[in-house]
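Hi there,

Here is the structure I promised to pass on. Have a look at it first, and then read on for what turned up.

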Protein chains: 2
Amino acid sequence: MSINTEQNMEQAILETATKLFLEKGFRSTSTTEIAREVGCNQALVHYYYRTKERLFEAIFEKKIKFFIGSLFKIDHEDIPFEKKLARKIESHFDAIKEEPKLPLFFFNEASSNPSRLQQLRDKLGELPDLVVNQMKNELEAEIKKGNIRPMTIYDLLMSIVSLNIVAFIAEPIFKTITKISDEEYLKLLKRRKKENVHIILNSLKPRFT
Amino acid sequence: MSINTEQNMEQAILETATKLFLEKGFRSTSTTEIAREVGCNQALVHYYYRTKERLFEAIFEKKIKFFIGSLFKIDHEDIPFEKKLARKIESHFDAIKEEPKLPLFFFNEASSNPSRLQQLRDKLGELPDLVVNQMKNELEAEIKKGNIRPMTIYDLLMSIVSLNIVAFIAEPIFKTITKISDEEYLKLLKRRKKENVHIILNSLKPRFT
DNA sequence: GACATATTTAATAGCTCTATTAAATAACGC
DNA sequence: GCGTTATTTAATAGAGCTATTAAATATGTC
């Protein structure tokens, strides 16, 4: 409803800022532009959020939590490891599809301002440890049983994240280099989710060389 | 004692600009900062390159050619497809290791300024078509022979690029989230090259589900 | 040395940006 | 309505940025 957008300026500023920061990053987004797009005076942005930095931090934190949550959901169901893993990969892929600009946004802000990394570490707390450990235990049990070749949890996680994010990050460049149409790219995207599951599951088998 | 003052200023400016653009991107790098780092007057940057835009374009083009060349080298040797593919993956990985900031740099500049994409397309010309087609033909021959499951060349390429670049792009974030040490990260990086080859080669086999 | 040319600098115009201040307007309790 | 508080605006200080201009300095040529 338009009541929300019209009435609550604070919220409208937050939403527009989120959109712009995700599109252009912290540095290239000005409070002037945010205000222009919202349709309010530039000083109002500072009235509600004091500084551009604080406004950004509020948004950054929210997005961090969304992203991390997508990969690290503890799954207590008693199903085979590979099935569980397949689910994790798919839910991660879906989360990125929902917010395709998030990965590049993180990489940029993290690399352009190291204080964001500290912020990230502080906000996350014990979460990653806890959930990585659960996955790690399950993985090591499978390795012990001989179902899966020896590998670290970090290798597995990195492979999953790599495969899942790049199709979204690289979309404009990939389209330009390959000259494939938007339609073809959509088809490719649709295949990726299944592809990625397949690639990861196959990679768990013992090395054949 | 800066080499800069003694030697070719034009070259010194180009090198410093390259370093800064790669680190911080076009928008966040100022000609003022370039000059400060080189140790010359800010107007000198404009004397040699007229505008910040032209200076950037010279650098961008050079880096594009390096990056594309690393993945798309035609290999005429008559060795098995999988062996050839393994070599390609490894040489691509090595190229990125040599210039680890390049992938993020491209994604950023391409997404923050679409005119860069046009520039990229113009500079590349027929190169991608030619080399993708050669790889595509070899892949399709293998599929026909039944050695490899049906898949498109774009899926294969995307999987390779995905696996190879993310360990470099995500280094700061990954270290922060996992809290692994620099030493451990180095070990992880060393494993990745072999891992990625293994993952790709295994993924060529028919789907087991 | 003197002249022409190339390199380098200081100064500045004209932007845009963030953040603040004081004043205007809206909203609300009574 | 009136006083109080919350919201919104106009104006601006102060900084940094790109690009240009004219002047100073260095370099090479004869």
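Let me begin with one term: the bounds of a domain come from an automatic or database domain assignment. By that assignment, chain A splits into domain 1 (1-50) and domain 2 (57-203), and the C-alpha centres of these two domains of chain A lie 30 Å apart.

A few ground rules before we go further. This is a predicted model, in which local features need pLDDT of at least 70 and side-chain atom pairs count only at pLDDT 80 or more, while totals for chains, interfaces and linings use all residues. Residues are numbered from 1 along each chain as its sequence is written, chains are lettered from A and ligands numbered from 1 in the order in which they are written, and side-chain values use heavy atoms, with hydrogens and water left out.

**Between the two domains of chain A**

Where domain 1 of chain A meets domain 2 of chain A, the contact (heavy atoms within 4.5 Å) takes eight residues from domain 1 and nine residues from domain 2. Buried area is the accessible area (1.4 Å probe) that two parts lose on being put together, summed over both. For these two domains of chain A it is about 730 Å², and carbon and sulfur atoms give 72% of that. Three residues stand out: L14(A), L22(A) and F26(A) supply 62% of the area that domain 1 of chain A buries against domain 2 of chain A, more than any other three residues.

How many salt bridges does the rule find across this interface of domain 1 and domain 2 of chain A? It finds zero, a salt bridge being a side-chain nitrogen of Lys or Arg within 4 Å of a carboxyl oxygen of Asp or Glu.

Next, look at DNA strand C. Of the atoms of DNA strand C that come within 4 Å of the protein, sugar and phosphate account for 65%.

- T31(A) has a side-chain N or O atom 2.7 Å from a phosphate oxygen of DNA strand C.
- Y48(B) has a side-chain N or O atom 3.0 Å from a phosphate oxygen of DNA strand C.
- Q42(A) has a side-chain N or O atom 3.1 Å from a base nitrogen of DNA strand C.

Which helix gives the most to the surface near DNA strand C? That is α4(B), with four residues. (Helices are DSSP runs of H or I with at least four residues, numbered from the N terminus.)

**Between chain A and chain B**

Finally, turn to the two protein chains. Their contact takes 55 residues from chain A and 55 residues from chain B. The area buried between chain A and chain B is about 5,400 Å², with 65% given by carbon and sulfur atoms. Across this interface of chain A and chain B the rule finds six salt bridges. D155(B) forms a salt bridge with R192(A), and their closest N and O atoms are 2.7 Å apart. On the side of chain A that touches chain B, α12(A) gives the most, with 11 residues.

Enjoy exploring, and write back with any questions!

Best wishes

Note on methods: Near = heavy atom within 4 Å. Polar contact = N/O pair within 3.5 Å; in protein donor to acceptor, adjacent residues only side chain to side chain. Helix = DSSP H or I, 4+ residues; strand = E, 2+ residues; numbered from the N terminus.
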